[in-house]
Amino acid sequence: GCNHVGRLGAYPPLASDQDLIGILTNNGHGADLAMAPWGGLGRILPANCLAVAIPSGGGFPVVLDLPMAVAAGGKLRVQLARGEKLPDGWLIDDEGNPSNDPNLYVNRNGALLPFGGPVGHKGSGLAIVVDILSGALSPAGCSMADSPVSGNALFVQVINVEAFRPLAEFK
C-alpha cells in the first residue's frame, strides 16, 4: 500500500542511529518506469534505488543512497526547469539516440540510462535485483508497464550487528 516515499536515504540512518545497519530498496510501477535496460530501448525499468546506512566509530554512519540510473528523474526535471541541457550519457530518445534534452524525459519520449556508463549492464543488473527484492517479496509485485498499482514497493532490512560480532569491534 505504499506510494512515493521520497528520498530513500532519509530512512536507513534511523537504524544506524541505533547502532543497527539499515537497508532499503524500492521499485516502481506504471508511470514510474523511467529507465532503458543496458543496450535496450524504452522505459522498461524504474530507476530503482538502494539506500544503506552502517554505524561507524567515526561519529557518523557510512551512507550510500543511489538510483540504479545515472540520475534520479527529479534531477532531469530540475535541469528542465532551469533551462539547462543534460550531461552526455544520461538519456536516450525513443529510437536509442543519445540526447541532452530533458523535455524528452518529462514527455516520456526518452529514457534514463543505467549507471555505469560503458558498463551499464551492472546498473541494469542491480536494478533488476532491487526490483525483485522490493516487488517479488511484497504484494505489490515486480515493475510492469500496465500495473494495476502505482507507486513504490519496498524492501526494508535492519541488521543487528551484535548478532554477528561485538559492536565495538565492528565499528
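Leu133 lies in helix 4, which covers residues 121–136. Helices (H or I, at least four residues) and strands (E, at least two) are DSSP runs, numbered from the N terminus. Leu133 is partly exposed, with a relative accessible area of 30%. Buried means under 20% relative accessible area, exposed means over 50%, and partly exposed lies in between (1.4 Å probe, protein chains only).

This is a predicted model: local features need pLDDT of at least 70 and side-chain atom pairs count only at pLDDT 80 or more, while totals for chains, interfaces and linings use all residues. Residues are numbered from 1 along each chain as its sequence is written, and side-chain values use heavy atoms, with hydrogens and water left out.

The term pLDDT stands for the predictor's confidence in each residue, from 0 to 100. Its mean over the protein is 90, and 98% of the residues reach 70 or more.

Not counting residues up to four places away in sequence, Ala127 touches Met35, Leu45, Asn48 and Met68; contact means heavy atoms within 4.5 Å. Ala127 and Cys49 are 78 residues apart in sequence, yet their C-alpha atoms are 7.7 Å apart in space.

Asn152 belongs to strand 9 (residues 151–159) and counts as buried at 9% relative accessibility. The side chain of Asn152 reaches the backbone oxygen of Asn27 at 2.9 Å. A polar atom of that side chain also lies 3.2 Å from the backbone nitrogen of Val5. Leaving aside neighbours within four places in sequence, the contacts of Asn152 include Cys2, His4, Gly28 and Asp32.

Three salt bridges are found in a search of the whole structure. A salt bridge is a side-chain nitrogen of Lys or Arg within 4 Å of a carboxyl oxygen of Asp or Glu.

| Pair | Distance, N to O |
|---|---|
| Asp65 and Arg7 | 3.4 Å |
| Lys171 and Asp19 | 2.8 Å |
| Glu169 and Arg165 | 3.3 Å |

Asp65 and Arg7 form a salt bridge, and this pair links distant parts of the chain: Asp65 is in strand 5 (residues 62–67) and Arg7 in the segment before helix 1, 58 residues apart. Asp65 is partly exposed at 32% relative accessible area, whereas Arg7 is exposed at 54%.

Lys171 pairs with Asp19. Lys171 lies in the segment after helix 5 (167–170) and Asp19 in the loop between helix 1 and strand 1, so the pair ties together parts that are 152 residues apart in sequence. Lys171 is partly exposed, with a relative accessible area of 41%, and Asp19 is partly exposed, at 27%.

In the pair of Glu169 and Arg165, Glu169 is exposed at 52% relative accessible area and Arg165 is partly exposed at 39%.

Most residues other than glycine have a negative phi. Asp19 has a positive phi, near 60°. Arg108, not a glycine either, has a positive phi of about 65°. Arg108 sits in the loop between helix 3 (102–106) and strand 8 (110–112) and is partly exposed, with a relative accessible area of 42%.

How values were computed: A polar contact is a pair of N or O atoms within 3.5 Å; within protein, one must be able to donate a hydrogen and the other to accept it, and residues adjacent in sequence count only if both atoms are side-chain atoms.
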